[in-house]
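Here is a short briefing to read alongside the model. Please keep the sequence and the 3D view open as you go through the points.

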Amino acid sequence: MANFLTRLLPREQSFFAMFTEVTGNIQAGARALAEIFADYRDLQRKVDRVKEYEHRGDQLTHEIFTKLNQTFITPFDREDIHQLTSKLDDVLDLIDAVATRLVIYKVDKPRPGAAELADILVRSTAEIHAAVSRLEKHDGILDHCITINSLENEGDRAVRAAIADLFEHEKDPVELIKWKEILEVLETATDKCEDVANVLESVVLKSA
Amino acid sequence: MANFLTRLLPREQSFFAMFTEVTGNIQAGARALAEIFADYRDLQRKVDRVKEYEHRGDQLTHEIFTKLNQTFITPFDREDIHQLTSKLDDVLDLIDAVATRLVIYKVDKPRPGAAELADILVRSTAEIHAAVSRLEKHDGILDHCITINSLENEGDRAVRAAIADLFEHEKDPVELIKWKEILEVLETATDKCEDVANVLESVVLKSA
Amino acid sequence: MANFLTRLLPREQSFFAMFTEVTGNIQAGARALAEIFADYRDLQRKVDRVKEYEHRGDQLTHEIFTKLNQTFITPFDREDIHQLTSKLDDVLDLIDAVATRLVIYKVDKPRPGAAELADILVRSTAEIHAAVSRLEKHDGILDHCITINSLENEGDRAVRAAIADLFEHEKDPVELIKWKEILEVLETATDKCEDVANVLESVVLKSA
C-alpha cells in the first residue's frame, strides 16, 4: 500500500538535484566532443554519442519546465529557474551543433585550435557543474563564475589565433567557410557558458 | 459633444487586441515570404510586400510601447509585455532580412530547402497567432508553445539537410556564402518563434 | 585622522557616476575605432588603443558588479543594473571585435561603408552617454532611446548598401568573407546600442 501511494505521489526530486543532473550531462557532452578532436577516427559513432547527450538534455529541460509548472513555491526565483534551464540548454545545443557540422560539412580531419577550444569547453562545463552543485548551499558560486569568465577570455584568444592561422594557411575558400564556422561555434559555446555564469551570479546577488 | 470627447479620450484598445494585430501581421509577412519561394517571379514587388508588413510591425511595436508607457495597470507583467513585443518584432525583422537578402545578393533563383523553411515559418507564426489570441483567456497556450518548439526542431533538421546539400553541390564559393546565409536566417527566424514561445510560457507560468 | 578614516571607508561613488564613466569610455572606444577607418595608417597602434578602452571597460564592469554585490539598496532595480552593465559591455566588446579582425584578417585597406558605420556607432554611443548621464534625474531618456533606435535603422541601411556593393565588386571570395564579417560586426555593435536603449526604456517604464 505504501508502495502504491509512493508511486502515485510526485517523486520529490528537488530542482537542485535536477540541475546537477543537467550540468553533469552537459559536461559529459563536452567531453564527448573533445574526444572527437583528440582522436578523429570513428567520427559518426562519436557524433552520435554527442547527440545522445543532447537528447538527454532536452528531456531534462522538459522535466524541469514541467516541474516548474506544477510547483507553487520554488527554491529560487521562478524566472531565474526558467533562465538557467534555457541557458544551460543553449550550451549543449552548441556542443551538438559543432559535432553535427563535422558530419554535414564532411570534414575529414581536424584543424589546429579545435582541440584547444573543445578542451576549454570541458573545463568551463566542469566549472558550471561545480557551481550548480553548490547552488543549494549557496557557497563559493561566484568563484566558479569568475573562472568561467576567464575561460571565456581564453576561448576568445584561442579562436582568434585559430582563425588568423586559418586565413593565413587555408587557401580553399570552401574549407575556410567550413572551419571559420566550426571554430566560431566552438567559441560561442564558451560564450554561452558565460551566460550561464551570469544567471548564477544574478541568483546569488538577489539572495545576498 | 459625446463624439468630441470620444476623440479626445485615448482609444481603449486592449493590449490583447494589439498583440493579436501584431501576430496577424507577422503571419501575413511569413506568408508573403513563402510566396516568394513558391513562385520566384516578380521578386521586387513581393519583397516590397514583405517590407510593408515589416513597417506595419514597427508601427504596432511603437504603439504598444507608447501604450505601455501610459498605462498604470497592465493585464500582465509590464516587463513581459516589453519582452513579448520585442521578441515578436525580431521574428518579422528576420522574415524581412531573408527577403532583403534575395535582392541585395541578386539571387536569380531559389534553392532546395528555402521553400520548406519558409513553410515551417508560416506554420510557426500561425501557432504564435493562435497562442496570442488565447492570451486573454489564458487557455491552451502551452500546447501551442510545444508545437512551436517542435517546428523549431523541424526547421533545424531542414536547414541542416539544405546546407549539407549546398556544400555537396554548389561549387561557387560566392553562391555558397549567399545561400548559407539565406538558409541560416530562415532558420534563425524559426528560433525567434521559439523565443516568443518561451516568453508566452513564462507568462503562463507566472500566472499559474 | 579624518584622512585615515576616509581611506578606510568605501569610496561612496554612486552607480550613476560609475555608469557615466562606463559610457564615456565606450564613446571614446567608438571614436578610436572611427579614427582607424578615417585614416588607415598606423593600424596596430590604433587597434591597441581600442583594446585599452575595452580593458578599461572590463575593469569598470567588474567594479559595478562588485559594488552591486555589496550594496543593499540600489538606486534602481538590481537586475536592471546587471542587465545594463552587461549590455554596455557587449557594445565595447563588439567595437573591439571589429578592430581585432582588421589585424587577424591582415586587412590592408578599408572598404566603402566601414567609415560610415563607425560614424553611426560614434553617434549612437554619444546618445547612450547622454541618456545614462540623465539616469539620475530620469528626464529626457526616452528621446535618446528613440534616436538610438533610428541610428540602428540607419546602420541597417548602411550595412545593406555596403554588403550589396561588396558582392557586386569584390570577386575574391576570401576578401568577401573577411569584409562581410567586418561590416556585419560593425552593424551588430549598433544593434547592441539598441539593446542598451531597451534596458534604459524598461528602467524608465518601471519607474513611471
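A:Ala197 is buried, because 25 other C-beta atoms lie within 10 Å of its own; a residue counts as buried with 20 or more such atoms, as exposed with 12 or fewer, and as partly exposed in between, with C-beta atoms placed from the backbone. The model is predicted, and local features need pLDDT of at least 70, side-chain atom pairs count only at pLDDT 80 or more, and totals for chains, interfaces and linings use all residues. Residues are numbered from 1 along each chain as its sequence is written, while chains are lettered from A and ligands numbered from 1 in the order in which they are written.

**Around A:Ala197**

- A:Ala197 belongs to helix H7 (residues 173-207) of chain A; helices (H or I, at least four residues) and strands (E, at least two) are DSSP runs, numbered from the N terminus.
- Which residues does A:Ala197 touch, leaving aside its neighbours within four places in sequence? They are A:Cys145, A:Ile148 and A:Asn149, where contact means that the C-beta atoms, placed from the backbone, lie within 7 Å.
- A:Asn149 is 48 residues from A:Ala197 in sequence, and their C-alpha atoms are 7.6 Å apart in space.

**Chain A as a whole**

- Chain A has 7 helices and 0 strands, in the order α-α-α-α-α-α-α from the N terminus on.
- Along the principal axes, the C-alpha atoms of chain A fill a box of roughly 70 × 40 × 20 Å.
- Chain A has 208 residues, and 41% of them count as buried.
- Take the contacts in chain A between residues at least 6 apart in sequence: 84% of them join residues at least 24 apart.

**The nonpolar core**

- The largest nonpolar core holds 171 residues; such a core is a set of buried Ala, Val, Leu, Ile, Met, Phe, Trp, Tyr and Cys residues joined through C-beta atoms within 7 Å.
- The residues with the most contacts inside this core are A:Leu33, A:Ile95, B:Leu33, B:Ile95, C:Leu33 and C:Ile95.
- Apart from neighbours within four places in sequence, C:Ile95 is in contact with C:Gly29, C:Ala30, C:Leu33, C:Val50, C:Leu121 and C:Ala189.

**Helix packing in chain B**

- Helix H2 (residues 15-38) and helix H5 (residues 114-133) of chain B pack at about 165°, with their axes 9 Å apart; axes are lines fitted to C-alpha atoms, for helices over the stretch in contact, and angles run from 0 to 180 degrees between N-to-C directions.
- H2(B) and H5(B) are therefore roughly antiparallel, since angles over 145 degrees count as roughly antiparallel, under 35 as roughly parallel, 65 to 115 as roughly perpendicular and the rest as oblique.
- The residues in the contact of H2(B) with H5(B) comprise 15 nonpolar, 7 polar and 2 charged; Ala, Val, Leu, Ile, Met, Phe, Trp, Tyr, Cys and Pro count as nonpolar, Asp, Glu, Lys and Arg as charged, and the others, Gly among them, as polar.
- H2(B) also packs with helix H4 (residues 78-104) of chain B, at an angle of about 15° and with the axes 10 Å apart, so H2(B) and H4(B) are roughly parallel to each other.
- The contact of H2(B) with H4(B) has 16 nonpolar, 2 polar and no charged residues.

**Where the chains meet**

- In the pairing of chains B and A, 12 residues of chain B are in contact with 12 residues of chain A.
- On the side of chain B that touches chain A, helix H6 (141-169) and helix H7 (173-207) of chain B are the elements giving two or more residues, and H7(B) gives the most, with 7 residues.
- That side of chain B divides into 8 nonpolar, 2 polar and 2 charged residues.
- Chain C has 12 residues in contact with 12 residues of chain B, and H7(C) gives the most to this side of chain C, with 7 residues.

**Positive phi in two loops**

- A:Lys106 has a phi near 50°, a positive value in a residue other than glycine.
- A:Lys106 sits in the loop between helix H4 (78-104) and helix H5 (114-133) of chain A, and is exposed because it has 11 C-beta neighbours inside 10 Å.
- C:His138 is not a glycine either, yet has a positive phi of about 65°.
- The loop between helix H5 (114-133) and H6 of chain C holds C:His138, which is exposed, with 12 other C-beta atoms within 10 Å.

Conventions:
Two residues are in contact if their C-beta atoms, placed from the backbone, lie within 7 Å.
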